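Hi,

Here is the structure I said I would pass on. My notes on what turned up follow below it.

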Amino acid sequence: MTLLSSLALLLLVALSSLTSATSDYHESLILQPLPQSSLLASFNFRSNESQESFDERHFRYFPRALGQILRHANTKELHLRFTTGRWDAESWGPRPWNGTKEGSTGVELWAWIDAVDDEAAFAKWITLTQSLSGLFCASLNFIDSTRTTRPVASFELMGDHPASSNLHLLHGTLPGEVVCTENLTPFLKLLPCKGKAGVASLLDGHKLFDASWQSMSVDVSPVCPHLGECSVQIDQTVDIVLDIDRSKRPRDNPIPRPVPAEQLVCDTSKPYHSDDTCYPLESTAEKYWSLTDIFGRTISGSCPLAEGPFHEDPVCLRVPHDRQVDVAPGAVETKKPDGFTRCFTLQPSTPFDLTIPEQETTSQVPLDEPVLRAERTIVGHGQERGGMRIIFDNPSDTNPVDFIYFETLPWFLRPYVHTLQATITGNDGLRRQVPASEFIKESFYKPAIDRERGTQLELALSVPAASAVTLTYDFEKAILRYTEYPPDANRGFNVAPAVIKLGSHDAANGPNHPIYIRTTSLLLQLPTPDFSMPYNVIILTSTVIALAFGSIFNLLVRRFVTADEASALRAQTVKGRLSGKLVAIRDKIKGKRAKTE
Amino acid sequence: MGVDRRKAAVFGGALALRLLLLVLFPSLPDLLTGRVEVSTPVTSFKRLQEGLFLYTRNVSPYDGGVFHQAPLLLPFFSLLPNPQLFPLPTAVFYSLIDLVNANALVTISDSGQAVSGRFYSALRKHIRWDGVSIAAWFLFNPFTVATCLGRSTGVFTTTGILYAFASATTGNSLNAMLALGFASYLSIYPALLLIPLVLLCHDRQVQGAKATPEIGLFALRHFAIFAMSIVGLLGISTVLIGDFYTLVSATYGFQLLVPDLTPNVGLWWYFFIEIFDSFREFFLGVFWLHLAAYMGGLTVRLRRQPLFVLTSLLGVFAIFKPYPSISDASLYFALLPLYRHLFPLMRYTFFAISALLYATLLGPAFYHLWIYAGSGNANFFYAITLVWSLGLSILLADTVFAALRDEWEHDNPEKRGKEAKQV
């Protein structure tokens, strides 16, 4: 086995020297304990393929399956996200990667497609979603025209593109998609080591999708670090926030049990404290955990493809330097000068584990204050109409925040933009009604068309320092045809989260990377018809119509006669004659009987 | 002069009632605007506001799924102050529209066309109400008041229809065609009134003038005027909005194809929610054909009473058009007292009125149970709309019966008062 792998390695080294020096592969894992006994694990996998090899369909680190799809769909830049759960910004601080690797709840996809016009771009977009749907085992093929938008200001190209290309940005979300192991398996297959070695060997579907929050991303973009030397880069990340206590539960016995009485630490100062009454004290010590406890397995050695002379250490841990960390033998620890980061090397084919014992600590890794807090909720009651309320909270005491707010709404949610209102709550806590134009610097609004496209709203907003701005607008809920409801119609419909973009690649401000924040997805209750009785409705409505039509046309086509004339007329008809005969026969029989008596 | 004073009192009272309701209950207009019985997708004032908002910001209001009303309403309503901040001017304007409608009703009633026309004069023509009573009946009808306060744009169609009738009964056939063109431009269905209205104009012309105009040429000329008025209005709209195709598909296409299934008092919405997809187009055609069928039948059978045909057709529209509201019913109820002389011949008035009252009272309650309380389902409200439609159609059939019976007695004076049957 080792012989085979070393042979493959030799072959690869030979190949890489033949093609281009830019082709390489990096992977890293950053572990950071978060407040409330959570642990953030950020996996990152990055590989390159030179543009020439990509065009010649020569793939080494870049996954062939994805490369072929991108070529087929003329896609120059691709961003795909699978996300579940909610990032708790109040406790956990700013998002990993500044939110750039995060997606809306469910699946989010945006891509720049090279096409001559909008229609051709949309056709290629459908090709792309269908192919990705197959590749990632996700319902991406349900991204149709009603779920596709063309954002104007919310997304920017990440890569370097030739100025001649005619790129179209398309964006789609599936807020109701449940991300699970069937999406992780194809994701891992894109990696050169397929999750068998390197940090990716930690990724186990049971633990990953048991997390409080997780986000998987795939980004493909062309990069040109040097002039004329371009490569296609694929950047895959997995970010998860695991609850340490929850993850440490054994898989065969996952039910949490109370702490045994003798292990309880009680608050003896309470007046009711006795042998059988205890007020448990929170443990001040940092918890004990290890990779095996949290992920259920160890890192099975380094990925041989990720090694190189300039390669940084793949596993990093962000805890204060005075914290004790035990690692498996053979791993080399490097402490970084920032005082909080230490990194470890991995050995090939040697399992790596990392154990942090329980320890009383005083120092903590400081968390930055988020630049903006955003919250979006549906207000109102009843299934007929409602309102949207979006709160932007700027915690900074000095700086106003400028950002782009982007939301897409399904067509059956009909917003009334003329009801858009803004209130501002300042330091004093007083709410004041102000014209919305005071905060909205620019707006782009594309209203929905029934069954054709959704609403797209993009606002350039500015929130003053130390204040919270609340935007509200009314909407109406459409009632659908009964075949358009999902089987669980009374659960409601998912509304995609709003995307907030702060800052930009502004040439004047230097490399000012954007920060993305996404709100939670919403659940919209629609009025529902009775699904059990289409036949009854068709029959009852038809009956009422037939009654009206019948009675009116009956009056119109018949003529009036007096009652006497009516009986005379009846005698002339076939029916009248028949009944007359019958009466006559009856009379005859009766008459005979009368005679015999 | 005494009549004028009565008329002034009725009109003043109606205006005062509307403004008083607005002042006493400031939230009433917004509440009524949101009611499905008052506002339909094609007459909703809130949707008009949204269209206006987009229009004043140079976004095409028809490039979206909310606004489906005629384009000429937009520049007109942009002249009125924002109704959210200043509700009074809009309310006064709508109240004045109601008074204008009532005035048209007085004209129709005073012309006497309802009781005696070119071919026919009712036997019981002494049993009738005067114009002011009919106007009062219209102005103080709760349905009319609710429509007015709910600011439904259906009242403009009502104005067009009533003015067409008023002009036709006073012999001004050019104005009649222009008014009907305006009504048809606003909401497509009044075009079905064209043939009986041309007949009414023709009868009135023959009654007034010595020379009898040739009917074919007369009809052709009036149809041309009607078509020209619609083309002219559409031309102005195209100049205003720009994209003719989007405009027509968002307004008339929307009214014809019924894509928005928001509940209303009619029969279409629940039927087209529940119908199987493969039959949708077929039943859409059947429903429209059914609506149009009454026009032919009534016009032919009741040729001698064209104004009665028009009244009955308004009743048919109030039941069977795609997006009916109580404003359509109030228009039918406004014209019914013109036929006060038929009331003694009607057979099921008690049943019809009971059904209508039952539906009026239980409709909002059942809607609440379905949408807000969650303790009922859609069938509750659907059942009430069935009762409402049934009540209206019984009333309609009964008036048709009474009119036919009246004609029969007129033709056979010796059989008056005898028991009659239809064979």
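One definition before the notes: two residues are in contact if their C-beta atoms, placed from the backbone, lie within 7 Å. With that in hand, take the contacts in chain B between residues at least 6 apart in sequence: 73% of them join residues at least 24 apart. Please keep in mind that this is a predicted model.

Chain B first. Its secondary structure amounts to 18 helices and 1 strand. The C-alpha trace spans about 65 × 55 × 50 Å along the principal axes, and 51% of the 423 residues count as buried. Why call chain B compact? Because a compact globule with 423 residues would have a radius of gyration near 22 Å, and the 21 Å of chain B agrees with that.

Chain A reads as follows. It has 12 helices and 29 strands, and its C-alpha atoms fill a box of roughly 130 × 80 × 65 Å along the principal axes. The radius of gyration is 35 Å, whereas a compact globule of 597 residues would come out near 25 Å. Of those 597 residues, 36% count as buried. For contacts in chain A between residues at least 6 apart in sequence, the share joining residues at least 24 apart is 73%.

Now to the interior. In soluble globular proteins, nonpolar side chains tend to be buried together. Here the largest nonpolar core has 170 residues, and those with the most contacts inside it include L105(B), A135(B), L197(B) and L313(B). Helix α18 of chain B, residues 378-411, gives the most to this core, with 16 residues. Chain A takes part as well: domain 2 (373-524) and domain 3 (535-596) each supply at least three residues to this core. Apart from it lies another core, of 78 residues, with W110(A), W125(A), V199(A) and I240(A) among them.

Buried residues in α10(B) include L194(B), P196(B), L197(B), H202(B), D203(B) and R204(B). Which helices cover them? Among them are α8, α9, α11, α14 and α15 of chain B. L313(B), leaving aside residues up to four places away in sequence, touches L192(B), L193(B), P196(B), Y294(B), M295(B) and L298(B).

Happy browsing, and do write back with any questions!

Best wishes

Terms used
Residues numbered from 1 in each chain as written. Chains lettered and ligands numbered in written order. Predicted model: local features only at pLDDT ≥ 70, side-chain atom pairs only at ≥ 80, totals over all residues. Buried ≥ 20, exposed ≤ 12 C-beta atoms within 10 Å, placed from the backbone. Helix = DSSP H or I, 4+ residues; strand = E, 2+ residues; numbered from the N terminus. Core = buried A, V, L, I, M, F, W, Y, C linked by C-beta atoms within 7 Å. Domains from an automatic or database assignment. Rg over C-alpha atoms; globule rule 2.2 N^0.38 Å.
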